[in-house]
Amino acid sequence: MTTKPLQLAIEEKVKTGQKAFIPYIMAGDGGLKAIRKQIFFLQQVGVTAIELGIPFTDPVADGPVIQDAGNRALKEGVNLKAILDEIEQFKKEVHVPLVIMSYLNPILAFGIEKFIAKCENVGIAGLIIPDLPIEEADIIQSKLTKSSIALVQLISLTSPIDRIERIAKTAEGFIYAVTVNGITGVRNEFGQSLDEHLHNLKEISDIPVLAGFGISTPEQVDELSTMADGVIVGSAIVKAFHEGKEESIKNLLPKVTVGE
């Protein structure tokens, strides 16, 4: 099976002795034109890829910061089609992989085939669909076999080993290791079993393992980076952009190098 660009970008970062860093933004928070500005800023500071959240009325996995950002975007009239149309305007200037994080309903409303074709045209490298379980993933994955788009799978702390192995076999791009039981948002600490969980995932998976959910400080980024191939940071990034404190994002990039 051909390795897809999202996975290659992460592996290239790790090969240089660094850790992958994927920031999450709520696309359209601050208006459609903010998407370009935020992507270019993140690209310039050296992120590995960028996760673009699609605003949705019932974001079951999202904490208050991201929910509020989604509501602001919805009030601006932002939707999946508008976001993809906007990215299409500057796609040739984007040099890092873009990953769409959307709940399934907006994709179904768009039309699965039409959505995937649009993503390919825009240059989207990956999809994260948090309410699409592995048992139903084929409705998307079967349409991606000849595509360069990776369907990223999430694995929770409570997933049994047989399920983890099943998910790892079909996962593309990277394994999204959920580091907390619950929704996204700031956490003061992580469970003691997390180190063992991430170690087990890395043993089982043939593709990179990135930790996400609840990671919001430079210290947490560095701590989690020692356990995984990289991290995903959401709420802290969304908050920084909303408050006009973009420069603080630079402090979140991992300082840990491979082998530490």
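## The largest pocket

By class, the lining of the largest pocket consists of 14 nonpolar, five polar and two charged residues, where Ala, Val, Leu, Ile, Met, Phe, Trp, Tyr, Cys and Pro count as nonpolar, Asp, Glu, Lys and Arg as charged, and the others, Gly among them, as polar. The model is a predicted one, in which local features need pLDDT of at least 70 and side-chain atom pairs count only at pLDDT 80 or more, while totals for chains, interfaces and linings use all residues. Residues are numbered from 1 along each chain as its sequence is written, and side-chain values use heavy atoms, with hydrogens and water left out.

The space in the largest pocket comes to about 310 Å³, a volume being the space filled by probe spheres set on grid points that are joined across faces, edges and corners. On a 1 Å grid over the protein atoms alone, using a 1.4 Å probe, a pocket is an open set of points with protein on both sides within 12 Å along at least five of seven lines, and lining residues have an atom within 4 Å of a point. Among the 21 residues that line the largest pocket, Pro 130, Asp 131, Leu 154, Ser 156 and Val 178 are the closest to its centre. Strand 5 (150-155) and helix 8 (161-170) each supply at least two residues of this lining, and strand 5 gives the largest share, three residues; helices (H or I, at least four residues) and strands (E, at least two) are DSSP runs numbered from the N terminus.

## Helix 8 against helix 9

The axes of helix 8 and helix 9 (residues 194-204) come within 10 Å and cross at roughly 45°, where axes are lines fitted to C-alpha atoms, for helices over the stretch in contact, and angles run from 0 to 180 degrees between N-to-C directions. Helix 8 and helix 9 are therefore oblique to each other, given that angles under 35 degrees count as roughly parallel, over 145 as roughly antiparallel, 65 to 115 as roughly perpendicular and the rest as oblique.

Helix 8 passes helix 9 in a right-handed crossing; a crossing is right-handed if the near helix is turned clockwise from the far one by less than a right angle, and left-handed if anticlockwise. Ile 161, Ile 164, Glu 165 and Ala 168 of helix 8 make the contact with His 197, Leu 201 and Ile 204 of helix 9, contact meaning heavy atoms within 4.5 Å.

## Helix 4 against helix 6

Helix 4 (residues 80-88) and helix 6 (residues 112-122) have axes that come within 9 Å and cross at roughly 25°, and the two helices are therefore roughly parallel to each other. The crossing of helix 4 past helix 6 is left-handed. On the helix 4 side the contact is made by Leu 80, Leu 84, Asp 85, Ile 87 and Glu 88, and on the helix 6 side by Phe 115, Lys 118, Cys 119, Asn 121 and Val 122.
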